[in-house]
Amino acid sequence: MRCLWESHRRGILVTLGLIGLLVLFAIASPRTFLNPRIYRSFLSTIPVTAILALGMTLLVVVGEMDLSFPSVCAAAAYVFAEAFLATGSGAVAFGLAIASGAIMGWINGLIVVRIGVPSIIATIGTQFFWRGLILLLSDGIALSLASVRGTDIYSLFVGRMAGEIPVQSLWCLAIALGLALLLNRHPFGDSLLFIGDNRKTAAMMGIPVAKVRIKAFILMGVLSAFAGILATLELANWWPTQGEGYMLLVFASVFVGGTSAYGGEGTIYGTLIGAIIIGIIEAGIVSAGLAGFWTRLVHGLIIVVSVSIYATMARRPQDM
Amino acid sequence: MRCLWESHRRGILVTLGLIGLLVLFAIASPRTFLNPRIYRSFLSTIPVTAILALGMTLLVVVGEMDLSFPSVCAAAAYVFAEAFLATGSGAVAFGLAIASGAIMGWINGLIVVRIGVPSIIATIGTQFFWRGLILLLSDGIALSLASVRGTDIYSLFVGRMAGEIPVQSLWCLAIALGLALLLNRHPFGDSLLFIGDNRKTAAMMGIPVAKVRIKAFILMGVLSAFAGILATLELANWWPTQGEGYMLLVFASVFVGGTSAYGGEGTIYGTLIGAIIIGIIEAGIVSAGLAGFWTRLVHGLIIVVSVSIYATMARRPQDM
Amino acid sequence: QGSSGEGMKVWFDSGGPVGGPYNTIVANGAKQAATDLGCELTLVYSDWSPEKMIENFKNGLAMNPDGMVIYGSPGDDAYEPLVREAIDRGIVVTAIDTELPRLQPMFQSKGFGYIGPDGWRQGEDLAKEILRRGDFKEGDRAFVWGLKRLENRGRRARAIIKTLEDAGLKVDYLEISPEVDKDTALGTPIITGYLSSNPDCKLMIMDHGALTSQVGNYLRAAGVKPGEIFAAGFSLSPATASAIEEGYLTLVSEHQPYLLGYLSVLQVVQTKKYGFGGLVVDTGGGFVSAENVDKIAPLAAKGIR
Amino acid sequence: MEAMVEMKGIGKSFGSVEALRQVDFRLNPGEVVALLGDNGAGKSTLIKILSGFHSADRGSMMVKGREIDFKAYDVTVARSLGVETVYQERSLGERQPLWRNVFIGRHRLNRWGLIDVKREKMETMELLSSVLGLRGAGLSPDASVETLSGGERQGLAIGRAMHFGADIIVLDEPTTALALSEVGKVLSFIGSIREDGRSCIVISHDLGHVYKVADRFVLMDRGSTVGDYRKGDITPEELMARMIGLNGEVKP
Amino acid sequence: MEAMVEMKGIGKSFGSVEALRQVDFRLNPGEVVALLGDNGAGKSTLIKILSGFHSADRGSMMVKGREIDFKAYDVTVARSLGVETVYQERSLGERQPLWRNVFIGRHRLNRWGLIDVKREKMETMELLSSVLGLRGAGLSPDASVETLSGGERQGLAIGRAMHFGADIIVLDEPTTALALSEVGKVLSFIGSIREDGRSCIVISHDLGHVYKVADRFVLMDRGSTVGDYRKGDITPEELMARMIGLNGEVKP
Ligand SMILES: Nc1ncnc2c1ncn2[C@@H]1O[C@H](COP(=O)(O)OP(=O)(O)OP(=O)(O)O)[C@@H](O)[C@H]1O
Ligand SMILES: Nc1ncnc2c1ncn2[C@@H]1O[C@H](COP(=O)(O)OP(=O)(O)OP(=O)(O)O)[C@@H](O)[C@H]1O
Ligand SMILES: [Mg+2]
Ligand SMILES: [Mg+2]
């Protein structure tokens, strides 16, 4: 009961935070924020960060990090683009790209779990490696996928439902729902929670710690690949620098959402809302008329102030 | 005894890693690596990363992170540059810059410790904020400090000892020595270790947990300021994106060095060697004749392979 | 009569990161134009990331500005549906810095123009100028440090490499890592290492404004005396000017980024008001060397050149 | 009769620390064996080898007649062979709710393969309040373990082992921190194990408790087994004298 | 006689959980008081208020005649008033070496203000082997706590409290996991506290141990003190009956 309220309270607080921001922005620039257009724009851009942040949430819960996701995104999207250009088949390209994401995640998992390299440094290494590899293969030249517009795979993943709603937002919602079930209602999620809480305890209770950790990395690889494909499809273009800008946004989304940096606890709902908050701040500031360098400053201020309010209100009424 | 050997083994291993790399590079490009010039170069650039990584090591030991250091670096260096240009006094400029670094660290500490915002998200916020603020103040324009060359403060911090050895490397060594004593032989370091190990236990044993954590942030702020001043002096130039390139390098140095990402353990010596390893890789690759996009790929490969070898050899001969 | 831009709102993508040396000058030009014309300017930053440019553009569309200025980097295919939507809604769009060869003729009558250098030609011009001023023979070694992975920006590096190779020089190309891109000091050991391994290097070209400004520091650390190596680069800044004065830097190509910002905002406002077609202006062509640096250096300190 | 567990010449070192030198141990069906010995004698290490958490360096082990290959043996395998362990360290996920801790690794799933949370919470409450008789104010299935009192934690750990009927039940200091009435419940649970023909290993320093329930007493000292007595052959006083004697041997 | 500790009407809730309702408690100089009660009765919570780890919601507390303001009271202040606590949770830094755990918060410094590591290691070994008589294979000042056996950990925690002579010593389940001979040492340590005119609060479920050393028994039930007996006024059997009786009252 108490815990239920506790967990709900956090969810409610972060939702209130989002609503507060939206109200603030709507007051500051009603023309923009009372018009559905900006929300359509958000729905087409936020899903990419959100999907990455959702995967990262599971990794953070199990006590790991993945800093290689920007490169995995780009590499899987490169596989997608090349395969699509070569075969013309969206399904084949999609399958290959997801498989490559899984393999890259698996490699991260092997290095971290089997060899025992701390995940931060291992994934910095693989980040460099994959980025280098795709730069080498692509010679740093972007690939135009103009021909993908109008194909099935395009409308399936980044089309517009009812001519309005970007389909990727529905995919993102579906993934969030699936991961929420996985984390809170599936034995795999239970294993993630226990391993992140105390790895030794988890091993003592018979949880296959190594396997579960590797699977979490694979899942992150698959989700990164999917996010990369979405980004590439949406823009009908692959760039060699793809994904580089997501790093801070993804981590900010996870931790604004209320997931603990110490592992063992995490909230999928919080991350989703967190990704939305992080995704709208900049546009909100710009449309409010704060331009140029003010954007950065106010961006930082909004993050600090909103999370501080949230942290103050979420604090438990007990000593520790 | 056992632990001593254990801790020495790690130190020895990471040192062997560095020696191995140097030998490798010396074989690949003897002309460069058997000539003192490249080491002079390293000694002028690595201290900046190393000092940042040393401060970060203490924060990681106590279970925190600071992602705002690039901006703190730049902001403190901006204070330094403006104060120097305004007063012409290196000492005044230095004092103001260090003080500003301490204040920025203290603010991070307050947000994290008093308000209870997780350090990752709090410092992402302050990172944006300080960057925005200095951009606003500087209008995004670099400041040339050509007049600082030849002043006392210049030769004190970035001069060349005996016309050869960059003085900042000595400062870096002195700081490393001081921090090693602080961490391993001073009650403050003891508190850091216990808080990082188990915050509740530390509180139960009467350690002033909140104060110690805040002090760790202040220390990081001061060291960031110092690193920023060194970088600015060395180039006799302040530029608005200063520090941004250090983010990954600093974390890589800390974790290559063998500090645990879970807090409660850390090695200053390891971080110092880690910073050197991370600082020499790219130059080594380029001197070996690998150009273009190969550098990145090989960079990643070297990180992954060397840390993997190290991790395999450092693994304890027991189950958990 | 009031200002011609009275009441108008112009959305401006500065392209680079907050505080980037090059795009800050572009933005300064835009700001000056906005002040001169009396219009409102909304500046956004894209970290040179094509995805971010597109994302910003989408959000910008939702703000319903009168005009929008974009960098061409994401390319024709990525921009086409968005630019079409904007123009259909009566928003004037124009490109700077990187050309959009397909969109520009398509919408030129609606005010879509291009202000900026032709990347390829700028690179080619610089390489030719270097070959003309320097004394290079076949087989001489040259070093080019650039950003090929930013495709359109990379065209400049590709043009330099091609021109030099055509002239018989041996070119070593190095990609600028994201770390060095942000913190140029990290490049010092790389140059030292490269020059120690390749002491026969006669020519260095920094295809990057911030790296150009650090040439003096790099060469000093590598133990190279001023003038020993022909060093060239792009964009002017106070540090670049002092490197020229010290003799480390021989030649700088400057395509007057200030004008990109100024002219594009000017054009957008005039088009919106009077329906002019898009302007195409090549701003490249300026070279700075020891001969003319003293005239230009003071402007660099103000963020104009 | 085939032994439930048969260990021969087991040795185990952690780096340079030799925790187990030479252990022979046998557990028969329907038997409750008490493992006794000084602090640091190696009792917990021994049962962790049985539970699959550590693997032995030397020696052989048979569980229910199956020869164990230590390389392929871990906690999961041990559990599937019917070994259920309550560790001395309690092994609870501190930040997880009670119900997750009870069902960790063997959740009640509904027909979609998802955890049946409602049922698990119910069973958890039933277990803690009715079976063990705990009545602390902070006890609710959603409370996280870190808010429990010491005895409540121990109750949770032991209740978990009682809940899933296993064949070989290993209890390392099961009565630690428990109040009198709960101790009684644990002891009668141990009695019931024997009645069902299953087996149990109990480690405890409380001879009073142990003597009541065990059939046989195995003494360990500094990594080796040094004595094995049937209950009928020894009085509690003799047993205590032997144990204190071990200590005396070393420091005259 | 002025009380060492005097608590009146102490109440403490964690969120909606009322761990302490109404506690009055007094500790006199030279007295050993046993705090008894069911699991979850609130014993540990009470002594954590005394030790400064929790602060009470209601009520007043005097330590050595000084009125305590809970806002300004924490573990550091409590220690400076001479309160030394061995918590039930052991409170050891798992990954830290033994010597750091012994001297945490009160290191032996050399003349440069740095920790005198050599001396601390020596004292640590002395404490564990000679004073407590532990002789496990893995015991060395550089070993980290996570490698210790259960009893060795408890020995470390209690040895630490014995090492720094405090006036008010609080022991929460001090004999847990300890072997017979170490239990004897702990009990005689408690005896010595009284002889020195200092005071001690002991919490334990082992009436056998407690009855030997305590002068007075305070019974707690569900957050309140429900009984207070001098040793002379009650036999161990009566005491046990009272405690079990508490349990019966609730569930008829
Ligand atoms: N992981 C480990 N690394 C190093 N030494 C260890 C490790 N685990 C146990 N030891 C050492 O091995 C010895 C035996 O430990 P064990 O836990 O088996 O003792 P025990 O008989 O259970 O004692 P207790 O009655 O105190 O619980 C101890 O001295 C301990 O320090
Ligand atoms: N931090 C907390 N948050 C919520 N509930 C708590 C917290 N700490 C203790 N409780 C609850 O308060 C009650 C009293 O706990 P306490 O630890 O004082 O019991 P105790 O008398 O020491 O029991 P034991 O003999 O089992 O150690 C318990 O029901 C416990 O669940
Ligand atoms: Mg044990
Ligand atoms: Mg208790």
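Reader: What makes D197(B) and R95(E) a salt bridge?

Author: This is a predicted model. In it, the closest N and O atoms of D197(B) and R95(E) are 3.7 Å apart. The cut-off is 4 Å between a side-chain nitrogen of Lys or Arg and a carboxyl oxygen of Asp or Glu, so the pair qualifies. The count between chain E and chain B is 2 salt bridges.

Reader: How do you know what area is buried between chain E and chain B?

Author: Buried area is the accessible area lost by two parts on being put together, summed over both. For chain E and chain B this gives about 2,500 Å², with carbon and sulfur atoms giving 57%. R95(E), R100(E) and I104(E) supply 25% of the area that chain E buries against chain B, more than any other three residues. In terms of contact, 32 residues of chain E meet 28 residues of chain B.

Reader: Why are β2 and β11 of chain C said to stand at the edges?

Author: Their open sheet has 6 strands in the order β2-β1-β3-β4-β5-β11 (chain C), with parallel pairing. β2 (40-44) and β11 (280-281) of chain C each have a single partner strand, so one side of each has no neighbour in the sheet.

Reader: What makes β1 and β3 of chain C a pair?

Author: Two strands need at least two bridges to pair. Strands β1 (residues 9-13) and β3 (residues 67-71) of chain C are joined by 3 bridges, so they pair, and they run parallel. At one of the positions, V10(C) has G67(C) as its bridge partner in β3(C).

Reader: Which strands are the edge strands of the sheet with mixed pairing in chain C?

Author: That open sheet has 6 strands in the order β7-β6-β8-β9-β10-β12 (chain C). Its edge strands are β7 (170-175) and β12 (286-288) of chain C, each pairing on one side only. Neighbouring strands of this sheet are turned by 20 degrees against each other on average, direction ignored.

Technical notes. Residues are numbered from 1 along each chain as its sequence is written. Chains are lettered from A and ligands numbered from 1 in the order in which they are written. This is a predicted model: local features need pLDDT of at least 70, side-chain atom pairs count only at pLDDT 80 or more; totals for chains, interfaces and linings use all residues. Side-chain values use heavy atoms; hydrogens and water are left out. Contact means heavy atoms within 4.5 Å. Buried area is the accessible area (1.4 Å probe) that two parts lose on being put together, summed over both. Helices (H or I, at least four residues) and strands (E, at least two) are DSSP runs, numbered from the N terminus. Axes are lines fitted to C-alpha atoms, for helices over the stretch in contact, and angles run from 0 to 180 degrees between N-to-C directions.
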